[in-house]
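Subject: Structure for you to look at

Hello,

Here is the structure I promised to pass on. Please open it beside this email, and my notes follow.

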Amino acid sequence: MTVAVYYVSRGEKTSQNTKSAAEIVAKEFGVQAIAIDETTNIDSKVDLLWVGSGTYNNTPDEKVTKFVDRINTAFVGQLVPFATAGGSGGCMKKIHKQAQSRGIQVVKKGMLIRMFRHTQMTDNREVKIKKYVAKLKTANGIN
Ligand SMILES: Cc1cc2nc3c(=O)[nH]c(=O)nc-3n(C[C@H](O)[C@H](O)[C@H](O)COP(=O)(O)O)c2cc1C
């Protein structure tokens, strides 16, 4: 099973919370997390595609939205939306809805990690991420 982890982490007043979350996820699958830029694209099959963003005014970064817009849907098995946020999961839900509206299969529940401004990754957040990953692995029969 191929897994890829893509994210945008502005790190405005933070130490790049989403980047640190993405890197923990990626490590669990033995891959590198990839920061999305204006030209990032997928050119081969990805069974489990993680797409994440920090939450900025309840919305993902525009680079994430544009990335999801240009994904070749034929390459994507399942998409896992994830976000870090000071509060609500609106950003994560927007990634979810956008992917779904493109006809991409999306996991039932994405991963939301509460990380306020200035917050750095802590042990219990790392545990939460690893638990989510473990559940997803079980659901997809990944060892
Ligand atoms: C400009 C700005 C706007 C934000 N808006 C929201 C918001 O609407 N809802 C929320 O839950 N968190 C909001 N936050 C908090 C961030 O989503 C949170 O700190 C996140 O972990 C930042 O991710 P990053 O470090 O990867 O950029 C905002 C932070 C910034 C800097």
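This is a predicted model: local features need pLDDT of at least 70, side-chain atom pairs count only at pLDDT 80 or more; totals for chains, interfaces and linings use all residues.

Helices α2 and α3 cross with a right-handed sense. Helix α2 covers residues 62–70 and helix α3 covers residues 90–101. Their axes come within 9 Å and cross at roughly 20°. Angles under 35 degrees count as roughly parallel, and α2 and α3 are therefore roughly parallel to each other. On the α2 side, the contact uses V64, T65 and V68. On the α3 side, I95, Q98 and A99 meet them. By class, this contact of α2 with α3 has four nonpolar and two polar residues, with no charged ones.

Now the other helix pair. Helix α1 spans residues 17–29, and helix α4 spans residues 123–139. They pack at an angle of about 45°, and their axes are 10 Å apart. That makes α1 and α4 oblique to each other. Their crossing is right-handed. Which residues of α1 and α4 meet? From α1 come A21, I24, V25 and E28. From α4 come E126, I129, K130 and V133. The class count for α1 with α4 is five nonpolar, three charged and no polar residues.

Next, the sheet. Five strands form an open sheet, and the pairing is parallel. The order is β2-β1-β3-β4-β5. Strands β2 (33–35) and β5 (111–114) are the edges, each pairing on one side only. From one strand to the next, the twist averages 20°. Look at β1, residues 3–8, beside β2: three bridges join them, and they run parallel. In β2, I34 stands opposite Y6.

Helix α1 turns up here again. It lies across β1, β2, β3 (46–54), β4 and β5. Relative to β1, α1 runs at about 175°.

Last, the ligand. How many residues surround the ligand? The count is 23. The closest are S9, N17, T18, G54 and G87. Which element gives the largest share of the shell around the ligand? That is α1, with three residues. Both α1 and β4 (76–85) supply at least two residues each to this shell. By class, the shell around the ligand divides into 14 polar, five charged and four nonpolar residues.

If you want a place to start, display α1. Then turn to α2 and α3, where the contact has no charged residues.

Best wishes

Technical notes: Residues are numbered from 1 along each chain as its sequence is written. Axes are lines fitted to C-alpha atoms, for helices over the stretch in contact, and angles run from 0 to 180 degrees between N-to-C directions. Helices (H or I, at least four residues) and strands (E, at least two) are DSSP runs, numbered from the N terminus. Angles under 35 degrees count as roughly parallel, over 145 as roughly antiparallel, 65 to 115 as roughly perpendicular and the rest as oblique. A crossing is left-handed if the near helix is turned anticlockwise from the far one by less than a right angle, and right-handed if clockwise. Two residues are in contact if their C-beta atoms, placed from the backbone, lie within 7 Å. Ala, Val, Leu, Ile, Met, Phe, Trp, Tyr, Cys and Pro count as nonpolar, Asp, Glu, Lys and Arg as charged, and the others, Gly among them, as polar. A residue is near a molecule or strand if its C-beta atom, placed from the backbone, lies within 6 Å of it. Two strands pair if DSSP finds at least two bridges between them.
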